[in-house]
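Subject: Structure handover

Hello,

Here is the structure you asked for. My notes on what was found in it follow below.

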2 protein chains.
Amino acid sequence: VRDAVTWAEDGPDRVTDLFVTDAVAAREPDLVDRARDAGIRVALVTEKAAAGLSDTVTPQGVAAVCRLVTTDLADALGTAPTLVAVLVEVADPGNAGTVIRTGDAAGVDAVVLAGDAVDPHNGKCVRASMGSLFHVPVAQVRDVDQVLAALRSAGLALVAADGYAPTTIDDADEALRRPTAWLFGSEAHGLAPGLPADHRLRVPIHGRAESLNLATAAAVCLYASARAQRR
Amino acid sequence: VRDAVTWAEDGPDRVTDLFVTDAVAAREPDLVDRARDAGIRVALVTEKAAAGLSDTVTPQGVAAVCRLVTTDLADALGTAPTLVAVLVEVADPGNAGTVIRTGDAAGVDAVVLAGDAVDPHNGKCVRASMGSLFHVPVAQVRDVDQVLAALRSAGLALVAADGYAPTTIDDADEALRRPTAWLFGSEAHGLAPGLPADHRLRVPIHGRAESLNLATAAAVCLYASARAQRR
């Protein structure tokens, strides 16, 4: 919610309402003041009402009503993106939210949800993103081909994370130095084999694990790019 | 369960019972045969009984009764370990299980749960490990100082993952090439500031995220070591 208020300070009509319990208002007077200054209606609510507004087992006593955060793909990519994370047909909200958080940390210009993917406004996704949903431009586009064309037009090489690729990320510094859009598939199905990409790379498995969790693999890949691009 | 049966094939009395529904027995005849060959008692159970044996919402119709997998710290470390993941006071079972899975993938020699940490036999931890709990030696020791002394005796440098460290993992290839025990604290509290370590390193945050999920940070750190040690 704090990141939502900061987001509201940077543009009009982004957050309309803030609901806080007495306890939260007493503990976080600065948050309430900033919200009021940003033109957000603030209402004090009972613990019970706050619980009703939340879908978690242990509600935090604070909720905000926000405009959707997703933007046009062209706006999300901007003029000269260098690192973009693309989730293709990723349905799990926790994984999607964690990739948004990790992408933010790794310095991506945007996160794109392509195809039949989870809605980034899903509560679990919002919470897993830990505020990064309000930091990083996020676009959602159903047509995967349209996404790939836009990424290419923006000057990005398409790099598919593919557990069966012969080359590992450790042997691809040259490729990773270029502006890159990483394509990640769902944990259950991976990327469609026919998906066109300029490179296919895998995270090396040195032990006996069969695979990595999607959000984990994305973290290792995005940080490999961040490292290669900064050398 | 498949990894548990493989584990049972490698040593006596590791798995005593396998419970499967008719549907699973029909779909996985090989699993049932291998279990019987390994001396595991196999019982066909109803869907309802299988659901009663499971603590998930969508039970898979298969359960095994296993001996505890944890080993002595000395056994877990072996004679010349090169990479070990240590979770200090980590209470979240999903995070612990994911680190065991990721550690397995990154090629760690062992995972150590130190201090007041989650029991790795917790159901959520077992499931998040995706079988890696049966691949990687896991030790659990309450006394943190004892763990640190044993790691040092085994020739490992202690490297603390510390979000406030001045040096990032990208500038520490030299240090990371040495045999390393990575120390990770809980997501809520991090490592105790007084915890002795040979190096303190952070994962760089290039964007506006405040931090990384514990399992994500561990993945990036362990893979940085795996990469540095293999160059």
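A219(B) sits in helix 10 (residues 214–230) of chain B; helices (H or I, at least four residues) and strands (E, at least two) are DSSP runs, numbered from the N terminus. This is a predicted model, in which local features need pLDDT of at least 70 and side-chain atom pairs count only at pLDDT 80 or more, while totals for chains, interfaces and linings use all residues. Residues are numbered from 1 along each chain as its sequence is written, chains are lettered from A and ligands numbered from 1 in the order in which they are written, and side-chain values use heavy atoms, with hydrogens and water left out.

A219(B) is buried, with a relative accessible area of 0%. Here buried means under 20% relative accessible area, exposed over 50%, and partly exposed in between (1.4 Å probe, protein chains only). Leaving aside residues up to four places away in sequence, A219(B) touches T216(A), V220(A) and T102(B), where contact means heavy atoms within 4.5 Å. From A219(B) to R202(B) is 17 residues in sequence and 12 Å in space, C-alpha to C-alpha.

The two chains

Nonpolar cores

A nonpolar core is a set of buried Ala, Val, Leu, Ile, Met, Phe, Trp, Tyr and Cys residues joined through side-chain atoms within 4.5 Å. The largest has 107 residues, and W182(A), F184(A), W182(B) and F184(B) have the most contacts inside it. Another core, of 23 residues, lies apart from it and includes A76(B), L151(B), L191(B) and L195(B).

Strand 8 of chain B

Five of the five residues of this strand are buried, so strand 8 of chain B is largely enclosed by the rest of the structure. T180(B), W182(B) and F184(B) are buried on one side, and A181(B) and L183(B) on the other. Strand 8 runs parallel to strand 4 of chain B, with five bridges joining them; two strands pair if DSSP finds at least two bridges between them. In that strand 8, F184(B) has L87(B) opposite. Strand 7 of chain B also pairs with strand 8 in the parallel sense, over four bridges, and A160(B) stands opposite L183(B).

Helix 8 of chain B

V144(B), V147(B), L148(B) and L151(B) are buried in helix 8 (residues 144–153). They cover an arc of only 95 degrees around the axis, which puts them on the same side of the helix; the arc is that of the directions from the helix axis to the C-beta atoms. D145(B) and S153(B), on the other side, are exposed. Just after helix 8, G155(B) takes a positive phi of about 85 degrees.

Two loop residues

E89(B) is not a glycine but has a positive phi of about 55 degrees. E89(B) is in the loop between strand 4 and helix 6 (93–106) of chain B, and at 39% relative accessibility counts as partly exposed. M130(B), in the loop between helix 7 (123–129) and strand 6 of chain B, has a positive phi near 55 degrees. At 52% relative accessibility, M130(B) counts as exposed.

Regards
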